[in-house]
Amino acid sequence: DDLEESRRQFKEQLLKDTDDLTRRVNQMRTNFLEQGPYSSDVTPAEALEQLSQFRAEVEELKENDQKISAGLKVFAVAHPPYKEIELTEEDMGYLHLFCFNITKFGDLPFVIFLRELEC
């Protein structure tokens, strides 16, 4: 039956897309942890720019996740949210708040700013 074959192929493609998205989400999280704005050489303005780029990547992944989740619901396949996306959004929120609040100190590297806080 053509309809049944189409359903099988659609479900198979959704599961492949889910695997691909899982790899992309894990890679994004790894990149964020390894290449995020954590260096003392990064100014607050540079950190905010990096966070903006990571945020755009996270939003794209979330959009893809929503599309895949909608398709999986047709087949009653559970698709829990990605913890890596939630953790990255939380980390970005803290970093954004920190960077945004210290921009009033100019483009001082984080280490210099932290020394100023200790005084």
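Colleague: Why is threonine 88 called buried?

Modeller: Its relative accessible area is 0%, and buried means under 20%, with exposed over 50% and partly exposed in between (1.4 Å probe, protein chains only); threonine 88 therefore counts as buried. This is a predicted model, in which local features need pLDDT of at least 70, side-chain atom pairs count only at pLDDT 80 or more, and totals for chains, interfaces and linings use all residues. Residues are numbered from 1 along each chain as its sequence is written, and side-chain values use heavy atoms, leaving out hydrogens and water.

Colleague: What makes the pairing of threonine 88 with arginine 29 a polar contact?

Modeller: Their side chains meet at 3.1 Å. A polar contact is a pair of N or O atoms within 3.5 Å; within protein, one must be able to donate a hydrogen and the other to accept it, and residues adjacent in sequence count only if both atoms are side-chain atoms.

Colleague: Which residues is threonine 88 in contact with, leaving aside neighbours within four places in sequence?

Modeller: Met28, Arg29, Phe32 and Val58, where contact means heavy atoms within 4.5 Å. With the corresponding exclusion, isoleucine 85 touches Val25, Met28, Val58, Leu61 and Lys62.

Colleague: Why is α1 called roughly antiparallel to α2?

Modeller: α1 and α2 pack at an angle of about 160°, with their axes 10 Å apart. Angles over 145 degrees count as roughly antiparallel, under 35 as roughly parallel, 65 to 115 as roughly perpendicular and the rest as oblique, so α1 is roughly antiparallel to α2. The axes are lines fitted to C-alpha atoms over the stretch in contact, and angles run from 0 to 180 degrees between N-to-C directions.

How values were computed
Helices (H or I, at least four residues) and strands (E, at least two) are DSSP runs, numbered from the N terminus.
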